Amino acid sequence: MAKLLVTGGAGFIGANFVRYWRRQHPSDAVIVLDALTYAGNRANLDGLDGVDFVHADIRDEARVCDLLRSGVDTLVHFAAESHVDRSIHGPDAFIDTNVVGTHSLLKAARKVWLDEGAGRPHRFHHVSTDEVYGSLGPADPAFHEATPYAPNSPYSASKAASDHLVRAYHHTYGLQVTTTNCSNNYGPYQFPEKLIPLFLINALHGRPLPIYGDGMNVRDWLYVEDHCRGIELVLAGGRIGETYNIGGGEELPNMVVIDTLCAAVDAAFAADPDLARRFPDAPAAAGRASASLKTYVTDRPGHDRRYAIDETKIRGELGYRAAHGFEQRFAETLAWYLANEPWWRAVMDGSYKSWVERNYATR
Ligand code: NAD
Ligand code: DAU
């Protein structure tokens, strides 16, 4: 039996990971440590047993040391400020959590596992992003683990710095680390500031779908459960000190994702008349195309053009492969948001609402 400490486990990917881990490894103990920022939501873990929740900041080194001393052998680090747009409006929180916070966790792990624990078996797994590699041209080869780092936003720069610190704690002190760099996740519990849930909820309310630039930026879409399985494989068989890229094998221009989303919303309204009653402001409620809401807006500053993942390493070493295609997983994601309206209404109230009002004219 293992004992996991999952940071950021009340956020989008962290909560999906905890749910996945409880299903796959029911005898393991799981502690979630989360500061419950605007992106963290205790309700993301509702219905789970066998999970202890600790409301704390990853920069609280003493608290993290105490948790590690309780027999934790595996730390899976998701906690971060994760939204590129927010990092452009206010980078400080990204340095505080992603750089200083990750370093604080590393110091705690070194103290408890190496200094006090005489190197007892342990793993520090760091969850990072493909954005650290920068932006690709249309014909460039996909990112692989040796692609030089070239982060372009305050968010990706902060994640790059955290990756380097994790690497340094392995090389300098012998901390048993692994890192994964993954592409754009989508699925249940994603905060509705990211492309897919934001556009979906805007379409339900008849609000504009704000497309940055020409809408032809390319992302590799990874269903969140595939990501969780990739991390599981790395925890089980990944080589210590190594990094592994995880992708979804679905390189798509934003416009294709947006058109898929609009068509799926239209089809859902056509199939279920109750949706027109629930969302009377949606164009689809009146038989009009959701695509009529597409609106070109000023581009994101420094907007990376293309991300793509070469997953040769994780596939060859650990047998990873995304399980299902975008269309099926996207349909499941849409169904989840339609079935969980109270969830997204609750998370979009409060500090998120006032942040959007301060920063955007079009939402
Ligand atoms: P998220 O924003 O949905 O959740 C982040 C979680 O971290 C929240 O629960 C929040 O409360 C918590 N948190 C933030 N600051 C904290 C602090 N100082 N102390 C403790 N908890 C804190 O993020 P996500 O999309 O689930 O991303 C999780 C991780 O995966 C991040 O490290 C992110 O960089 C990485 N990642 C995300 C994606 C993606 O597509 N979402 C892709 C690649 C990598
Ligand atoms: O690649 C991994 C990264 O994916 C993660 O590290 C980040 O945490 C995660 O937020 C995500 O970053 P992106 O910037 O790619 O995701 P986002 O959903 O913000 O945007 C996806 C694309 O859609 C991007 O090209 C910008 C565009 N976009 C986004 C929003 C929110 C729009 O055109 N309009 C929008 O309103």
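The questions below go through sheets, helices, selected residues and a ligand.

Trainee: What kind of model is this, and how are its residues counted?
Mentor: This is a predicted model, in which local features need pLDDT of at least 70 and side-chain atom pairs count only at pLDDT 80 or more, while totals for chains, interfaces and linings use all residues. Side-chain values use heavy atoms, without hydrogens and water, chains are lettered from A and ligands numbered from 1 in the order in which they are written, and residues are numbered from 1 along each chain as its sequence is written.

Trainee: What is the strand order of the open sheet of seven strands?
Mentor: Strands here are DSSP runs of E with at least two residues, helices are runs of H or I with at least four, and both are numbered from the N terminus. Two strands pair if DSSP finds at least two bridges between them. The pairing in this sheet is parallel, and the order is 3-2-1-4-5-6-10.

Trainee: Why is strand 1 described as largely enclosed by the rest of the structure?
Mentor: Strand 1 (residues 3-7) pairs with strand 2 in the parallel sense over five bridges, and the bridge partner of K3 in strand 2 is A29. Buried means under 20% relative accessible area, exposed over 50% and partly exposed in between, with a 1.4 Å probe and protein chains only. Strand 1 is largely enclosed because, of its five residues, the number buried is four.

Trainee: Which residue of strand 5 is the bridge partner of V76?
Mentor: Strand 4 (residues 74-77) and strand 5 (residues 123-129) pair in the parallel sense over four bridges. The partner of V76 in strand 5 is H125.

Trainee: At what angle to strand 5 does helix 5 run?
Mentor: Helix 5 (residues 154-173) lies across strand 5 and strand 6 (177-182). Its angle to strand 5 is about 155°.

Trainee: Is N181 buried or exposed, and what is its relative accessible area?
Mentor: N181 is in strand 6. Its contacts (heavy atoms within 4.5 Å), leaving aside neighbours within four places in sequence, include S128, Y149, T243 and I309. N181 is buried, with a relative accessible area of 0%.

Trainee: Which side chain makes a polar contact with the side chain of N181?
Mentor: A polar contact is a pair of N or O atoms within 3.5 Å; within protein, one must be able to donate a hydrogen and the other to accept it, and residues adjacent in sequence count only if both atoms are side-chain atoms. A polar atom of the N181 side chain also lies 3.0 Å from the backbone oxygen of T129. The side-chain partner, at 3.2 Å, is D163.

Trainee: In the open sheet of three strands, which strands stand at the edges?
Mentor: The order is 7-9-11 and the pairing is mixed. One side of each edge strand is left without a neighbour in the sheet because each has a single partner strand; these are strand 7 and strand 11 (251-253).

Trainee: Which residue of strand 11 does D220 stand opposite?
Mentor: Strand 9 (residues 218-223) and strand 11 pair in the antiparallel sense over three bridges. The residue opposite D220 is E251.

Trainee: Where is L36, which has a positive phi, found?
Mentor: L36 is not a glycine, and its phi is about 50°. L36 is partly exposed, with a relative accessible area of 28%. Its place is the loop between strand 2 (29-34) and strand 3.

Trainee: How many disulfides are there?
Mentor: A disulfide is a pair of cysteine sulfur atoms within 2.5 Å. C65 is buried at 3% relative accessibility, and C262 is buried at 2%. By the distance rule, the number of disulfides is zero.

Trainee: Which residues come nearest to ligand 2?
Mentor: There are 26 residues around ligand 2, counting a residue as near if one of its heavy atoms lies within 4 Å. A polar side-chain atom of N184 lies 2.8 Å from an oxygen atom of the ligand, and for an N or O atom in the side chain of H303 the distance to a ligand oxygen is 2.7 Å. The nearest are S82, D130, Y155, R300 and H303.

Conventions
Axes fitted to C-alpha atoms, helices over the stretch in contact; angles between N-to-C directions.
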